[in-house]
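Subject: Structure handover

Hello,

Here is the structure for you to look through. My notes on it follow below.

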Amino acid sequence: MSGKLYLVATPIGNLEDITLRALNILKQVDVIAAEDTRNTLKLLNHYNISKPLISYHRHNEEIKSDILINKLKNGEDIALVTDAGTPGISDPGEVIVKQAINEEIEVVPIPGACAAINALICSGLDTKEFLFIGFLPLNKKLRKEKLKEIEDETRTIILYEAPHKLKNTLQDLKDIIGERKVVLARELTKIYEEFLRGDIEYIINKSENLKGEMIILIEGNTKKEEKNLLNKLSLEEHYLYYEKLGLEKKEIIKKIAKDRGVSKNDVYMNFVEKNRGN
Ligand code: SAM
């Protein structure tokens, strides 16, 4: 019978943020596959756990997955851990999970810390729906496409960023997000844990020379959301909406045309002329 593959979340700073179940699984499995074995060894030593470790990181994910799958097929249980947080979230894990599922090997989550979720719940931004992007692409074209996505996104957006790239990323965001709220969550669960909340200008001013691990959260594009809702109305309802705000006919036509991405003449011909006369 095949062994099981456990995806074990580990602390993102504070070593106490590990569950009893995670510790038990790390003690029970035959092998621990770790992103950086030296790093994981520190965690294991802290909890007096001694286990064979195999390195499993981005650059050897494909090769090491094959080796680990063979072990699983031979009945060994394996725990996969990364340097911090939940495996597979901007971290190795996806490749072996897909392969294990193909081989009908049981994959078991052992929940725990995840930086993105903990930043989100304390951000003060909407938590009902969100978009997790992780690290922005470095490739110019792909990065531009992602930034465009962020510009239009109506849900809260979560980005991971390295401290030395923070300034550059905040500048890129400045051009597209206008007055939307931004939160910088830094060093979560560590001594210098900090949340900076404000608009992008405020965050840029405050983030000069900031060190440590960071997450950028951005309020969804509420103007876009409002526009989406308005565009679901009939032209008449759309007109009435602006009329109730006290706008003049000329201004209303201009606004409807902008919301719907059509010409003012279209709005005029299709609705105003028929329903509102001259
Ligand atoms: N798998 C991890 C998780 O579950 O959150 C994420 C790993 S990813 C390689 C590392 C990034 O996560 C960092 O660059 C930072 O953006 C974020 N991160 C990890 N730990 C953090 C912490 N303690 N405080 C703030 N951000 C953190």
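**Surface and overall form**

The chain exposes about 16,000 Å², and carbon and sulfur atoms supply 49% of it; accessible areas come from the Shrake-Rupley method with a 1.4 Å probe, and for residues only the protein chains shown count as cover. This is a predicted model, in which local features need pLDDT of at least 70 and side-chain atom pairs count only at pLDDT 80 or more, while totals for chains, interfaces and linings use all residues. Residues are numbered from 1 along each chain as its sequence is written, and side-chain values use heavy atoms, with hydrogens and water left out.

There are twelve helices and ten strands in the chain (DSSP runs numbered from the N terminus: helices are H or I with at least four residues, strands are E with at least two). The chain is more spread out than a compact globule, because its radius of gyration is 25 Å, well over the 19 Å that the globule rule gives for 278 residues. That radius is taken over C-alpha atoms, and the rule is 2.2 Å times the number of residues to the power 0.38. The C-alpha trace spans about 85 × 45 × 35 Å along its principal axes.

The domain assignment gives domain 1 (5-113), domain 2 (116-221) and domain 3 (233-277); such bounds come from an automatic or database domain assignment. Between the C-alpha centres of domain 1 and domain 3 the distance is 58 Å.

Of the 278 residues, 41% count as buried (under 20% relative accessible area; exposed is over 50%, partly exposed in between, with a 1.4 Å probe and protein chains only).

**Individual residues**

Most residues other than glycine have a negative phi. Ser90 has a positive phi, near 50°. Ser90 sits in the loop between strand S4 (78-81) and helix H4 (94-102) and is partly exposed, at a relative accessible area of 26%. Glu187, also not a glycine, has a positive phi of about 50°. Its loop runs between strand S8 (182-186) and strand S9 (194-198), and Glu187 is buried, with a relative accessible area of 14%.

Leu15 belongs to the loop between strand S1 (5-8) and helix H1 (20-28), and is partly exposed at 33% relative accessible area. Leaving aside residues up to four places away in sequence, Leu15 touches Leu43, His46 and Tyr47 (contact means heavy atoms within 4.5 Å).

Regards
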